[in-house]
Amino acid sequence: MSVRGNPWSSRKSSSFLVNATLWAADRSRRWIELAGIDFAVFRVVLEQRVRMGTEAKFGGQPGAMTVGLGMILVGFALVMAGLGSGVAALVTRQPTLWMWIGQGAWIFMLTSLCVNYFANVLLDPSDIGVLASRPVGDRTIVGSRFAEVLLPTALLALCAASAPTVFGAFTLHPLGALVAFPLATLSSGLVVLAGMTLVVALALRVVGPVRFQRVMFWLQLAAAISIGAGPQLANRVIPMGTLTEAYSTHPWLAWVNPIEHHLALYALLGGDFESRTLTLAALVFVLPVALGGLAFALLRQDFIAALADRGELVRSARRGFRPSLFARVGSVVCRSKAARAVFGFTLALTRRERPYLRTVVPMAATTLVMAVVLTRPRASGTAAPMLVAGCLYYLAILPTFVYGVARVSEHAEARWWFDALPFSEPSAALEGGAKAILCGTLLPIAAFACVAASSCFESLAWRDGLLVFVALAALDCVSARFFMRKIPFSTAPSLQIHYRDLVTTFAILAVIGLLVFVHWLSTLHFAVWAAALALYAVAFALGWRALARLTPAP
């Protein structure tokens, strides 16, 4: 049934993304049915999921950014990233560098997008409560989720391929650039999506439906940390000469590297018809199909049961809320019994709420790597003190994201139980929540980074580390007055992107620049350092006292 012929379809269902997705699905019906998917059910589920996605907003409130605008911004970022490959083609006129830079940036950004967004789409249980009791196959559910992210990936691939293709057509082999790079970009996108689906299928087959959600959650965290911190670590630990030598001495590495397949396709279009080139070029088309087919072949028949399983809530309740070392801090830093109660409640949920952990843990790990590992010298020598301090001040960007995600809970429908808590003043709840985030997340991260940097680098004196820590603590405390004005973990999950978040980010970057400038002044004389330390300490004390007088946001 077509969308226009459905009398129950709303006018919003005629959006471009919905119609384009359904048009592509109708044209691929034969291939979809060959995968063992019930096409009629697949089409209905796909339509509803794409429609819900396009009608949603990032933040779900007035002034929030629509999903379409968010995709446009991501596409613009990919176009700008592709300019690097285009410039490389203009300057060097070498297809190897042109392909490596363009495809490397595209694969990296798409992998990051898969880990942080597309994987959540694949594992989204929002419609499983309805579908679990219907005669819907597991492959149909997985296929609908895979198709949901396929069209956005194709559109983003078009953005990523635009600049390298245009520049390459004028400086390299025209036919090779106009054909090879777009096909290579689309092939890379399919490989990344198929690889993500294969990981999900393998995890379900290995651990079963009971532990599936927990394993996938920690796999997402590990992947997000690896994407953020891995390149920085590899850049410092593994010399580039070692990689070049290993690649030249082991030709078989080209068979497992998709970028080498893309270069072979370019060479084939340029007139190279050697057997090795033909075989590598064929992998551009074979590899995505092989990975996707393997993923669907390994998929067990309990994917729906794995998404619908709520056994983790039972196990979590059995573990209880045992007081930790950080929880004992609440009895010291909070002024009232109500504030101490909310402190313990908030602190416990910072270790349990998945949206919070999924955002804070990778961001904290990546930021710590940038603050400590990034400043390690590649060769013998010492890092510049200001470079180390500047990377530490980058931690100042954490509070806005941490405070924002601390409002979100997967179980926000149970927020009515706050009415039963023993407090009558909202300021007590806000105080306990803000101090729990500070003492349980932000201040320990800042302290660890400053101590680690002071211990690792001889060029960073202990007083520099102390100044950075007090400055970050003051900024974290002052930021809580603006961002912690709602009861923690009481808002339904949504993509927390808002227009004002962009303004806040630029403002924080300006503050970081100011802090780095003050730190540079403190290195000129001890008196300047003492004055800056005293100023930050006063700001921290005033900000800490102001936490007891927080008022709820309207």
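Visitor: Why is F540 called partly exposed?

Guide: The model is a predicted one, and in it F540 has a relative accessibility of 26%. Buried means under 20% and exposed means over 50%, so F540, at 26%, counts as partly exposed.

Visitor: What makes W544 buried?

Guide: The relative accessible area of W544 is 18%, and because the cut-off for buried is under 20%, W544 is called buried.

Visitor: Why is the pair of F540 and W544 called tilted?

Guide: The ring centres of F540 and W544 are 5.8 Å apart, which is within the 6.5 Å needed for a pair.

Visitor: What does the pair of W98 and F181 tie together?

Guide: W98 lies in helix α5 (residues 95–122) and F181 in helix α8 (residues 174–237), so the pair ties together parts that are 83 residues apart in sequence. W98 has a relative accessible area of 0% and F181 has one of 1%, so with the cut-off at under 20% both W98 and F181 are buried. Ring pairs also link W98, F181 and Y266 into a cluster.

Visitor: How do you know that the charged end of R463 sits over the ring of W529?

Guide: The charged end of R463 is 5.9 Å from the centre of the W529 ring, and the distance cut-off is within 6 Å. The rule also asks for a position within 35 degrees of the ring normal, and R463 is listed as sitting over the ring of W529.

Visitor: Which residues touch the most other members of the largest nonpolar core?

Guide: That core has 55 residues, and Y356, Y393, I437, L438 and L547 touch the most other members. Among the elements that give two or more residues to this core are α16 (354–373), α20 (462–483) and α22, while α19 gives the most, with 13 residues. Leaving aside neighbours within four places in sequence, Y356 is in contact with residues including V402, I437 and F489. A second, separate core of 45 residues includes L22, V50, V142 and A306.

Conventions
Residues are numbered from 1 along each chain as its sequence is written. This is a predicted model: local features need pLDDT of at least 70, side-chain atom pairs count only at pLDDT 80 or more; totals for chains, interfaces and linings use all residues. Side-chain values use heavy atoms; hydrogens and water are left out. Helices (H or I, at least four residues) and strands (E, at least two) are DSSP runs, numbered from the N terminus. Buried means under 20% relative accessible area, exposed over 50%, partly exposed in between (1.4 Å probe, protein chains only). Rings of Phe, Tyr and Trp (its six-membered ring) pair if their centres lie within 6.5 Å; planes under 30 degrees apart count as stacked, over 60 as edge-to-face and the rest as tilted. A nonpolar core is a set of buried Ala, Val, Leu, Ile, Met, Phe, Trp, Tyr and Cys residues joined through side-chain atoms within 4.5 Å. Contact means heavy atoms within 4.5 Å.
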